[in-house]
Structures are given as C-alpha cells and as structure tokens.
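Here are my notes on this one, as promised. Have a look at the model first, then read on.

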Amino acid sequence: RHTRLRTVTGVQTCALPICVYGVSANLAAVAPSANGYLKVYPGITPPPTASLNFAAGKTVANGALIGVNPDGSATATMSQASHLIIDVNGYFVKAPT
C-alpha cells in the first residue's frame, strides 16, 4: 500500500483560500502496476469505499468530493503503485455564522 499526505489548499499550492473545508476534484490513476484502488480522505482513518478503482496499465479518472484537514492536506492511499493526478476544480468553505 502506498500512502502520502498531500496539501490540496493554500496559496503556495493551488491558490485556494486557507479556510477550505473540502474540494471537488478529478482524480486520475495513470499507468497503475496492477488492479487496485485509490482512497483520498482527511485524517488518518481511510473510508470503507474507494474514491477511484483502476485496472493494470489503464489510465482511469473519476470525480470526487474530498474533505481536507485543518492544514489543507488530505491523505491519498493507493493499493498499487501508480502515478496520481489530482485536479481541483472547486472548493467548499464553512458557512458564515
């Protein structure tokens, strides 16, 4: 299993506001080594379902809504080795009180 913590918000990375609570993104697994899955999530506990399922050697993409940690990061866990593209196309902020 391959797990990485990636920052998906903040001025230095994606020019998103620091107050982001989640993002809308396209996820793509490119040239995976074997059949498998990708999970992208906040925190350290992976969800029971995958964000993307892929087949060996096939580029596969899927849209996902992803929660982020307070520091703007999310955890990406892949069951097999693959290149990963995360293309953020929208974001969610906390409603004003």
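1. Ground rules. Residues are numbered from 1 along each chain as its sequence is written, and side-chain values use heavy atoms, with hydrogens and water left out.

2. Confidence. The protein chain has an average pLDDT (the predictor's confidence in each residue, from 0 to 100) of 84, and 84% of the residues score at least 70. Among the elements, strand 4 has the highest mean, 96, while strand 1 (residues 2-7) has the lowest, 63. Where pLDDT is low, the predicted coordinates should not be read in detail.

3. Fold. You'll find 7 strands and 0 helices in the protein chain; these are DSSP runs numbered from the N terminus, with helices being H or I of at least four residues and strands E of at least two. Taking contacts (heavy atoms within 4.5 Å) between residues at least 6 apart in sequence, 74% join residues at least 24 apart.

4. Burial. Of the 97 residues, 35% are buried, meaning under 20% relative accessible area, with exposed over 50% and partly exposed in between (1.4 Å probe, protein chains only).

5. Thr-75. This residue belongs to strand 6 and is buried, with a relative accessible area of 8%. A polar atom of the Thr-75 side chain lies 3.0 Å from the backbone oxygen of Gly-43. That is a polar contact: N or O atoms within 3.5 Å, one able to donate a hydrogen and the other to accept it within protein, where residues adjacent in sequence count only if both atoms are side-chain atoms. Pro-46 is 29 residues from Thr-75 in sequence, yet the C-alpha atoms are 8.4 Å apart.

6. Ser-79. Look in the loop between strand 6 (73-78) and strand 7 (83-93). Ser-79 is buried there at 18% relative accessible area, and its side chain reaches the backbone nitrogen of Tyr-37 at 2.8 Å.

Key: Predicted model: local features only at pLDDT ≥ 70, side-chain atom pairs only at ≥ 80, totals over all residues.
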